[in-house]
Amino acid sequence: MNILKVTSVSVGVLILTSCSSLGVNLPSHDELLRMETEQDGRACVRQRSIRGYGSLDDDVISISSSGKKRYYLATTFMNCNSLLTSFKAGFKGDFFEVCGGRNDKIITSDEACPIKSIFEFENREAAFAAYERVEKTRDDLRADAKKEQEEKEKTLKNSAD
């Protein structure tokens with residue numbers, strides 16, 4: 001009887017661990033960038049002034065533009081995996097500009113990624129510093145959730161013994 005109880009609890013712990021360790025419900029990059037920048041994500045970029053882009057994550061793209069105060073971080077509604085491997089991308093928006101909060105898109109040869117928000121920064125350094133703070137927040141939340149899960153597992157294991 002005792003062996004059955006220990007086995008059942010062990011299996012339960014394994015199931016909980018496998019599900020919860022992968023499914024940490026973190027705030028999105030978009031939510032954290034809104035809090036970090038205190039912007040609404042509706043900044044616009046003139047399409048002809050876009051000089052380059054880079055993928056920072058599956059749903060965060062950096063955009064450089066000509067002129068002063070022209071560096072942007074854009075978030076997408078879904079993961080845009082092809083940006084990591086695509087040699088080029090196009091931006092589709094209305095009135096010669098791409099804006100957050102509309103139906104504008106970043107288009108690669110493999111997919112069209114709807115833009116959720118665009119945040120404007122003074123320069124590249126400010127944009128990357130904001131992104132790094134957001135990533136640190138996500139890492140801290142992930143570590144806290146992992147620690148909490150480990151404590152739950154320890155409690156379950158101790159109660160089974």
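Let's start with a cut-off: a residue is buried under 20% relative accessible area, exposed over 50%, and partly exposed in between. Arg102, at 26% relative accessibility, therefore counts as partly exposed. Keep in mind that this is a predicted model.

**The overall layout**

The protein chain has 3 helices and 8 strands. Read from the N terminus, the elements go α-α-β-β-β-β-β-β-β-β-α. Of the 161 residues in the protein chain, 31% are buried. If you take the contacts between residues at least 6 apart in sequence, 60% of them join residues at least 24 apart.

**Two aromatic pairs**

A pair of aromatic rings is described by the distance of the centres and the angle of the planes. This structure holds 2 aromatic pairs. One of them brings Tyr53 and Phe91 together edge-to-face, at 6.4 Å centre to centre and with 80° between the planes. Tyr53 sits in strand 2 (residues 50–57) and Phe91 in strand 5 (residues 90–92), so this pair ties together parts that are 38 residues apart in sequence. Tyr53 is partly exposed, at a relative accessible area of 26%, while Phe91 counts as buried at 15% relative accessibility.

Then there's the pair made by Tyr71 and Phe128, which is tilted: the centres are 6.1 Å apart and the planes are at 55°. Here too distant parts of the chain are linked, with Tyr71 in strand 4 (residues 71–76) and Phe128 in helix 3 (residues 124–160), 57 residues apart. Both Tyr71 and Phe128 are buried.

**Where helix 2 meets helix 3**

Helix 3 also crosses helix 2 (residues 29–37), with axes that come within 10 Å and an angle of roughly 120°. That makes helix 2 oblique to helix 3, and the crossing is right-handed. Which residues meet here? From helix 2 come His29, Leu32, Leu33 and Glu36. On the helix 3 side they meet Ala130, Tyr131, Arg133, Val134, Glu135, Thr137 and Arg138.

Most residues other than glycine have a negative phi. Glu38 and Phe95 have positive values instead. For Glu38, phi is near 60°. You'll find Glu38 in the loop between helix 2 and strand 1 (44–46), and Glu38 is exposed, with a relative accessible area of 74%. Phe95 has a phi of about 55° and lies in the loop between strand 5 and strand 6 (97–99). Is Phe95 buried or exposed? At 71% relative accessibility, Phe95 counts as exposed.

| Residue pair | Apart in sequence | C-alpha to C-alpha |
|---|---|---|
| Cys80 and Val60 | 20 residues | 8.6 Å |
| Arg102 and Ser117 | 15 residues | 8.4 Å |
| Lys116 and Thr76 | 40 residues | 4.8 Å |

Take Cys80, which has its place in the loop between strand 4 and strand 5. Cys80 is buried, with a relative accessible area of 0%. Not counting residues up to four places away in sequence, Cys80 touches Asp58, Glu111 and Cys113.

Now back to Arg102, which is found in the loop between strand 6 and strand 7 (105–107). Leaving aside neighbours within four places in sequence, Arg102 is in contact with Gly93, Asp94, Glu97 and Ile115.

Lys116, for its part, lies in strand 8 (residues 112–121). At 29% relative accessibility, Lys116 counts as partly exposed. What does Lys116 contact, once neighbours within four places in sequence are left aside? The list includes Thr76, the partner from the table, along with Thr75 and Phe77. Asp30, Gly41, Gly100 and Gly101 are among the contacts of Lys116 too.

Notes: Residues numbered from 1 in each chain as written. Predicted model: local features only at pLDDT ≥ 70, side-chain atom pairs only at ≥ 80, totals over all residues. Heavy atoms only, no water. Phe/Tyr/Trp six-rings, centres within 6.5 Å; stacked < 30°, edge-to-face > 60°. Helix = DSSP H or I, 4+ residues; strand = E, 2+ residues; numbered from the N terminus. Buried < 20%, exposed > 50% of the residue type's maximum accessible area, 1.4 Å probe, protein only. Axes fitted to C-alpha atoms, helices over the stretch in contact; angles between N-to-C directions. Parallel < 35°, antiparallel > 145°, perpendicular 65-115°, else oblique. Left-handed = near helix turned anticlockwise from the far one by under 90°. Contact = heavy atoms within 4.5 Å.
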